[in-house]
Amino acid sequence: MSAYVILYMTVNDPGLFEEYKKRAPATIAAYGGKYLARGGESQVLEGDWTPNRIVILEFDSAEMAKNWLDSPEYREARSMRQRAADSQTIVVQGV
């Protein structure tokens, strides 16, 4: 069953974040993941949430998503993201 990683971020160091954006895609692809949304324009349709940067990734399963997040291939990029941005990350099972 597909699973979706959703990252909500506020970028604090744009230069470092640009470097992160160069490194992350290959690690995602290595675990069968793909971008569905990558920081594009968002619009609030209900409520008062004002998101900054949203990224949505699709993986074949929640297990693959977690394997990617904790992978040696992503370790350096993940550390870079954590230094460059405040972020929250969840995985959601598809239907």
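Visitor: Which residues does T50 touch, not counting residues up to four places away in sequence?
Guide: This is a predicted model. In it, T50 touches Y8 and V44, with residues up to four places away in sequence not counted.

Visitor: And where is T50 found?
Guide: T50 lies in the loop between β2 (34-38) and β3 (53-59).

Visitor: Is T50 buried or exposed?
Guide: T50 is exposed, because its relative accessible area is 60%, and the cut-off for exposed is over 50%.

Visitor: What about E58, buried or exposed?
Guide: E58 is buried, with a relative accessible area of 17%. Its place is in strand β3.

Visitor: Which side chain does the E58 side chain join in a polar contact?
Guide: The side chain of Y4, through a polar contact of 3.2 Å. Leaving aside neighbours within four places in sequence, E58 is in contact with S2, A3, Y4, G32, G33, K34 and L36.

Visitor: Turning to the helices, at what angle do α1 and α3 pack?
Guide: Helix α1 (residues 14-30) and helix α3 (residues 72-84) pack at about 150°, and their axes are 9 Å apart. The two helices are therefore roughly antiparallel to each other.

Visitor: Is the crossing left-handed or right-handed?
Guide: The crossing of α1 and α3 is left-handed.

Visitor: Which residues meet there?
Guide: From α1, L16, F17, E19, Y20, R23, A24 and T27 meet E73, Y74, E76, A77, M80, R81, R83 and A84 of α3. The residues of this contact divide into eight nonpolar, one polar and six charged.

Technical notes: Residues numbered from 1 in each chain as written. Predicted model: local features only at pLDDT ≥ 70, side-chain atom pairs only at ≥ 80, totals over all residues. Heavy atoms only, no water. Axes fitted to C-alpha atoms, helices over the stretch in contact; angles between N-to-C directions. Helix = DSSP H or I, 4+ residues; strand = E, 2+ residues; numbered from the N terminus. Parallel < 35°, antiparallel > 145°, perpendicular 65-115°, else oblique. Left-handed = near helix turned anticlockwise from the far one by under 90°. Contact = heavy atoms within 4.5 Å. Nonpolar A, V, L, I, M, F, W, Y, C, P; charged D, E, K, R; others polar. Buried < 20%, exposed > 50% of the residue type's maximum accessible area, 1.4 Å probe, protein only. Polar contact = N/O pair within 3.5 Å; in protein donor to acceptor, adjacent residues only side chain to side chain.
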